[in-house]
Amino acid sequence: MLCFCYGSNMSLARLQNRVPSARCVSVATLVAHRLRFHKVGTDGSGKGDAEETGNSDDAVIGVVHEISDEEKPILDRIEGLGSGYDLKQVEVITSKGKLTCLMYAATKVDSALRPYHWYKEHVLIGASENRLPSEYIARIETVEAMDDPDTSRTELELAIYARRERA
């Protein structure tokens with residue numbers, strides 16, 4: 001399965017922690033969408049969404065990952081398929097042309113939500129490791145985030161990067 005990832009799953013460490021088969025195919029752009037952090041997370045914070053705007057000047061930059069068909073049900077469960085995200089087929093633009101991919105699109109949104117700092121960090125790490133344009137990364141950096149009241153969850157979420165550094 002080709003999956004267009006635009007939020008925390010841009011981080012290969014995060015995605016492979018969920019589905020080990022994941023491998024990066026290409027950086028890609030999804031036109032007529034904008035990155036929002038308004039998807040209602042089960043933890044009460046905002047998660048990423050590539051919101052369709054219909055405006056050709058809007059674009060979400062992300063990463064196309066290939067995931068084994070056997071692991072897709074795992075990712076569907078983690079992403080909350082059917083209870084927060086639906087799958088949507090999209091056409092993205094890569095340096096080698098267009099690709100048709102699946103993407104998780106938010107179905108439950110609340111524009112008052114903000115992401116936790118650790119979630120925003122996953123997104124920034126993924127954006128940096130995939131060398132997304134600096135102005136796009138700068139826009140993500142301006143997103144207002146909040147502290148997670150569950151400090152152990154923060155440590156757990158970011159521990160995957162410490163494990164990678166030691167390996």
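This is a predicted model: local features need pLDDT of at least 70, side-chain atom pairs count only at pLDDT 80 or more; totals for chains, interfaces and linings use all residues.
Me: Fine. Which residues is V60 in contact with, leaving aside its neighbours within four places in sequence?
Reply: V60 is in contact with F4, Y6, A28, T29, L30, H33, R34, L35, A50 and Y136.

Me: And which residues of the largest nonpolar core touch the most other members?
Reply: V60 is one of them, together with F4, Y6, L30, I67, V92 and M103. The core holds 39 residues.

Me: Which helices and strands supply at least two residues of this core?
Reply: Two helices do so, namely helix 3 (117-129) and helix 4 (134-141). The strands are strand 1 (2-5), strand 2 (23-31), strand 3 (33-40), strand 5 (59-66), strand 6 (85-94) and strand 7 (97-106).

Me: Let's stay with helix 4. Which of its residues are buried?
Reply: Y136, I137 and I140 are buried in helix 4. They are on the same side of the helix, because they cover an arc of only 100° around the axis.

Me: What is on the other side of helix 4?
Reply: There one finds S134, E135 and R139, which are exposed.

Me: And what do the buried residues of helix 4 pack against?
Reply: They pack against strand 3, strand 5 and helix 3.

Me: Helix 3 again. H122 is in there, so is H122 buried or exposed?
Reply: H122, which has its place in helix 3, counts as buried because its relative accessibility is 0%, and the cut-off for buried is under 20%.

Me: What does the side chain of H122 make a polar contact with?
Reply: The partner is the side chain of E157, at 2.8 Å. E157 is also among the residues that H122 touches when those up to four places away in sequence are not counted.

Me: New topic: E79. Where does it lie?
Reply: E79 lies in helix 2, which covers residues 72-79. E79 is buried, since its relative accessible area is 11%.

Me: Which residues is E79 in contact with, apart from its neighbours within four places in sequence?
Reply: E79 is in contact with N9, R18, K39, Y85 and Y104.

Me: Now the charged pairs. How many salt bridges are there?
Reply: The count comes to 11 salt bridges. In general, side chains of opposite charge can pair when their charged atoms come close.

Me: Which residue does R36 meet in a salt bridge?
Reply: The side chain of R36 meets that of E51, at 3.1 Å from N to O. This pair links distant parts of the chain, as R36 is in strand 3 and E51 is in strand 4 (residues 46-52), 15 residues apart. R36 counts as partly exposed, at 23% relative accessibility.

Me: What about K47 and D43, buried or exposed?
Reply: Both K47 and D43 are buried. Their side chains meet in a salt bridge of 2.9 Å, N to O.

Me: And which residue does E52 form a salt bridge with?
Reply: E52 pairs with K88, and the closest N and O atoms are 2.9 Å apart. This pair also links distant parts of the chain, with E52 in strand 4 and K88 in strand 6, 36 residues apart. E52 counts as exposed at 54% relative accessibility, whereas K88 counts as partly exposed at 22%.

Technical notes: Residues are numbered from 1 along each chain as its sequence is written. Side-chain values use heavy atoms; hydrogens and water are left out. A nonpolar core is a set of buried Ala, Val, Leu, Ile, Met, Phe, Trp, Tyr and Cys residues joined through side-chain atoms within 4.5 Å. Buried means under 20% relative accessible area, exposed over 50%, partly exposed in between (1.4 Å probe, protein chains only). Helices (H or I, at least four residues) and strands (E, at least two) are DSSP runs, numbered from the N terminus. Contact means heavy atoms within 4.5 Å. The arc is that of the directions from the helix axis to the C-beta atoms. A polar contact is a pair of N or O atoms within 3.5 Å; within protein, one must be able to donate a hydrogen and the other to accept it, and residues adjacent in sequence count only if both atoms are side-chain atoms. A salt bridge is a side-chain nitrogen of Lys or Arg within 4 Å of a carboxyl oxygen of Asp or Glu.
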